[in-house]
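Here is a short briefing on the structure shown below. The points are grouped by topic.

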Amino acid sequence: MSAAQVGHFNILYFASASSYTMTNAESLPAPLPLSKLFGLLEERYKGIKQNVLESSLVTVNLTYVDVEGDGEDMVIKEGDEVAIIPPVSSG
Amino acid sequence: MLKVNSLITYLQDLNPLPTYIPHPHRLTPQNAADIITNYDLVLDCTDNAATRYLISDICVLLQKPLVSAAAVQKSGQLTVLNCPPTPQGLIDKPYPPCYRCCFRKPPPPSAMTTCGEAGIMSTVVGLMGVAQAGEAIKILASNLHLPSSSSSSPFIEPNLLLYTHDLSSGISPFTFRAVKMGSRKKTCFACGENSPSTLTLQGIKSGTAPNYDQFCGLNTPPKNLLPQQDRISPSEYYHALEKGELPPHLLIDTREKEHFSFGSIQGAVNLPFGAFLSKCFKIKKSGEDEKGDDILPAEAKELSEDAPIFVVCRRGLDSQEAVEKLKELGVDRGGKRKIMDIRGGMKAWKEEVDPDFQFI
């Protein structure tokens, strides 16, 4: 996907996150505190927190972030790339 | 023939030199440590979350590195965990993470599907398997499987490799992507600061601490969201239909279209649950602009306003939720129109009505 629009960040949805949102990627307004990310997504996609986000891994610019722990004070900036990566457990 | 024996036969043909040792049983909390302790490296190729958490926990406790590969539908994931193996509980500096550091808790059972149910692109699983073997060879060849004496070896940050075989992927088609996984989490249940008090070999063996099936939401009794009068068993539905006791009605099947295409109850209309939920949400958000009835498939228009609606799904949970949502949207006309759940889904339909039905 192309670079984020001015004042936005890109968010990528993998596997079940993309089936739930019915999209692979979108652009959301930045800046956004990381601690507000799940709330914002829950507003857009009801039920996504419990069904997808709580068991997913979240990355910002290709690096793991701990949404409920150390990363709490982090802010997602304009142009950042966030990814929601649910576990794949089949084999 | 057991899968494990079939695999060994195939491998012996491919390469007769190694010694292949079958373990012809299911891996359980009771036998896992006794099996894994005999090996230097573990490759997780299993197909369910409960076993993945069990293997990772045992690898932490026995200090074995773990190469974890997984694939379903069009997605694959590969990562090297607990490598080099480090004693449980150390957090004085960065150490390699375990599976729980990456995925703290499993998805709800309704969101977990196996390859048998959801399908798998053979190239995706082939690719992940070959990459997994490559990582395993690297680890053994560089002695990274040997437990590190805490201070000596430098921390190697693992990547999680993602592969998506999806032409409409958000990044681009044919995509590999690697994300940095970071180090062991201080709060990790299995390897973090307090883990020696939360995870032990004895606890695992006892089957209670942790209880993997419970943690992954397995073996929980079927949920009953609806009162009795809103539910009908597959055989009751079938017999009422056969005897002509049912008026013209709408039968909604909320399984994914792939499942629906393998077979369904005669007359059923497919309305996949995910799409159904988003449509509900959209209607509620729009306020007065859209009517609750807009959720129904076009077939509803050919029936009378009060024609009953039956909902069926795969195992009987989504259909109950769908009935609740339809009522919330006022599709039941305040109780004048019957909306019922077919109890237990197509799984129960196979058991009670049609043993030849291809349940996947």
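**Briefing: interface, sheet and a buried loop residue**

Between the two chains, 33 residues of chain A are in contact with 40 residues of chain B. The model is predicted. The points below start with the chain A side of this interface, then turn to chain B.

**Chain A side of the interface**

- Six elements of chain A each give two or more residues to the side that touches chain B: strand 1 (8–13), helix 1 (15–21), helix 3 (48–51), strand 4 (57–60), strand 5 (63–65) and strand 7 (81–85).
- Helix 1 of chain A supplies the largest share of that side, four residues.
- By class, the side of chain A that touches chain B holds 17 nonpolar, 13 polar and three charged residues.

**Chain B overall**

- Chain B has 360 residues, and 35% of them count as buried.
- Its secondary structure comprises 14 helices and ten strands.
- Along the principal axes, the C-alpha atoms of chain B fill a box of roughly 75 × 50 × 45 Å.
- Take the contacts in chain B between residues at least 6 apart in sequence: 68% of them join residues at least 24 apart.

**The five-stranded sheet of chain B**

- Five strands of chain B form an open sheet in the order 6-10-9-7-8, with parallel pairing.
- Strand 6 (231–232) and strand 8 (269–270) of chain B stand at the edges. Each has a single partner strand, so one side of each is left without a neighbour in the sheet.
- Strands of a sheet pair through backbone hydrogen bonds, in either a parallel or an antiparallel sense.
- Strand 7 (residues 250–253) of chain B pairs with strand 8 of chain B in the parallel sense, over two bridges.
- On strand 8 of chain B, Val269(B) is the bridge partner of Ile252(B).

**Leu199(B), a loop residue**

- Where is Leu199(B) found? Leu199(B) lies in the loop between helix 7 (195–198) and helix 8 (201–206) of chain B.
- Is Leu199(B) buried or exposed? Leu199(B) counts as buried, because 24 C-beta neighbours lie inside 10 Å, and the cut-off for a buried residue is 20 or more.
- Beyond its neighbours within four places in sequence, Leu199(B) is in contact with Asp57(B), Leu61(B), Phe189(B) and Ala190(B).
- Leu199(B) and Val60(B) are 139 residues apart in sequence. In space, the C-alpha atoms of Leu199(B) and Val60(B) are 9.5 Å apart.

Methods
Residues numbered from 1 in each chain as written. Chains lettered and ligands numbered in written order. Predicted model: local features only at pLDDT ≥ 70, side-chain atom pairs only at ≥ 80, totals over all residues. Buried ≥ 20, exposed ≤ 12 C-beta atoms within 10 Å, placed from the backbone. Contact = placed C-beta atoms within 7 Å. Pairing = 2+ DSSP bridges. Nonpolar A, V, L, I, M, F, W, Y, C, P; charged D, E, K, R; others polar.
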